[in-house]
Amino acid sequence: MDPLLSALLLSWDLRAELLAILILAGSLYTWGWRRIRGRQASQRPLATGWRLAAYLGGLITLGVALMSPIDVLGGQLFLMHMIQHLLLVMIVPPLLWLANPLPFYMWGLPVPARHQAGRLLSRRSGFRRGLYAVTAPGLVWMAFVAFLLGWHDPTAYNAALRSDLVHDLEHLTFFATAMLFWWLVIGAGPRLRSLSRGARLALLLVTVPVNMAAGVVIAFASQPIYTYYTTVPRLWGITVMLDQMIGGVIMWIPGSMMYLLAALIIISRLIQTEADKQPLLESEWATEETMIAPGLEP
Amino acid sequence: MRLHRSATRRAVNWLGLAALLLLFVPRPAQAHGGGVPQLTNAEAGPYRISVWTQPDPIRVGDFHVTVAISQAPKPGASTREAGELVLDATVQVQAEPVSQVGDTLSAPATRDNAVNKLFYEADLTLPADGEWRVDIQVNGAAGAGSAAFKIEALPPSPFNTVVGFGWPLWAGLGLVLLVAGWWLQTSRHRKSEAAHA
């Protein structure tokens, strides 16, 4: 194997604190999933195999994004950093929310802790009220977009590459705001705010131009925006400008595709709901009054 | 007896939680290739070297050096051939005080030490503030070369001292708080039980 490639494949940054979080979250969910599966009714089961697969897949993707050579190479190749952000913002949060983690977490906890957690989410709790306040759709969208654009500012981006602490902060804010954003879009529990499908669709569609604009600006820039990359050795002959262009295209096209894909799923659900509605009986609409003045019949 | 058992259980839960939280305490700065660029493609005999350092600003104490070595571009070589990374060199980092008298520090920079296995990394401990000259010596199949740069180490900051002793300090503080919380909770239970009796 090419020594460069084999060196890259060995570049894993296994971080104890991240591994602990991933193992804890995975164990809690799996334990709850097993307990619910043992008790659930056979019709419309909650603990399905695809939910477990989505959750564990989300956790594994999160681990890969933050500890694999993708993370390590992000300091050398802008395009790798964009792939990492794509995973953190557009792949991991939808996977985790599609798995509907709340009931599984609750059932994964020991009984006293489950009661405590239940109290936290009760209608009178300050925690729930605080969570309700910070998940106002406008606020979530603003925060999501502000961090998305803010961290792509050259000063902030270069600072993140210079300091591990700032880099961690960048990923934490990206991930946290993406989790809030996709929570509203997917509508998983706890449903503090139940948005209509139209509102979820709007939330997705107003994000596309922002993401697209940032990607286009980066892809078509005529000089290096992120000067840190001019100080690192290039790999496989990928120049700083080519790297920047590919990174911008990754943000622009696959990045926007994820929002559009989610929007298409919501549209198909809307159409399905309309199609599932029972047609009115002929006797209800074929009366003489209705035919003469539809909508104005007594 | 029942109160005693539930209080013990609660204490164990709290301690477990504290132990878990300790895992999430950020580790001391452990760079993986990032840092402040000190040299960019500097000539070092038959090589070109790039060097980054952490922390920023540099202070007395831990000093992390990351080195990338590439071959010097051959005249007329294509972009792909130029600057190919060198992965089998021996690298030594030396830090010598400039503005004061003191011993020269030396440590090997290796790929084993590095998270990014394309780079060589070394850790030194700067004993005094002031100006330091850092010399990077490279030995490899193409020959030997070296390059140097100067840094200014600042005195240790009180904040860094607190963070540097973070593990025992914060763990101790957390434990004291947890024990205090547990004591308050059990004493409140005892009082309410006595009132009911």
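Rings of Phe, Tyr and Trp, the last taken by its six-membered ring, form an aromatic pair if their centres lie within 6.5 Å. In this predicted model, 16 such pairs occur over all chains.

**View 1. An edge-to-face pair joins A:Y55 and A:Y105.** The two ring centres are 6.0 Å apart and the planes meet at 90°; planes over 60 degrees apart count as edge-to-face, so this pair falls in that class. A:Y55 belongs to helix α3 (residues 49-67) of chain A and A:Y105 to helix α6 (residues 101-108) of chain A, so that distant parts of the chain, 50 residues apart, are linked. A:Y55 has a relative accessibility of 2% and counts as buried, whereas A:Y105, with a relative accessible area of 27%, is partly exposed.

**View 2. A stacked pair joins A:W97 and A:W183.** Here the planes lie at 10° and the centres 5.3 Å apart; because planes under 30 degrees apart count as stacked, the pair is assigned accordingly. A:W97 lies in helix α5 (residues 78-98) of chain A, and A:W183 lies in helix α11 (residues 164-186) of chain A, 86 residues apart. Both A:W97 and A:W183 are buried.

**View 3. Ring pairs link a cluster of aromatic residues.** The cluster consists of A:F78, A:Y157, A:Y226, A:Y228 and A:Y229.

**View 4. The charged end of A:R114 sits over the ring of A:W107.** Its distance from the ring centre is 4.6 Å.

**View 5. A:R193 lies over the face of A:Y132.** The distance to the ring centre of A:Y132 is 3.8 Å.

Notes:
Residues numbered from 1 in each chain as written. Chains lettered and ligands numbered in written order. Predicted model: local features only at pLDDT ≥ 70, side-chain atom pairs only at ≥ 80, totals over all residues. Heavy atoms only, no water. Helix = DSSP H or I, 4+ residues; strand = E, 2+ residues; numbered from the N terminus. Buried < 20%, exposed > 50% of the residue type's maximum accessible area, 1.4 Å probe, protein only. Lys NZ or Arg CZ within 6 Å of the ring centre and 35° of its normal.
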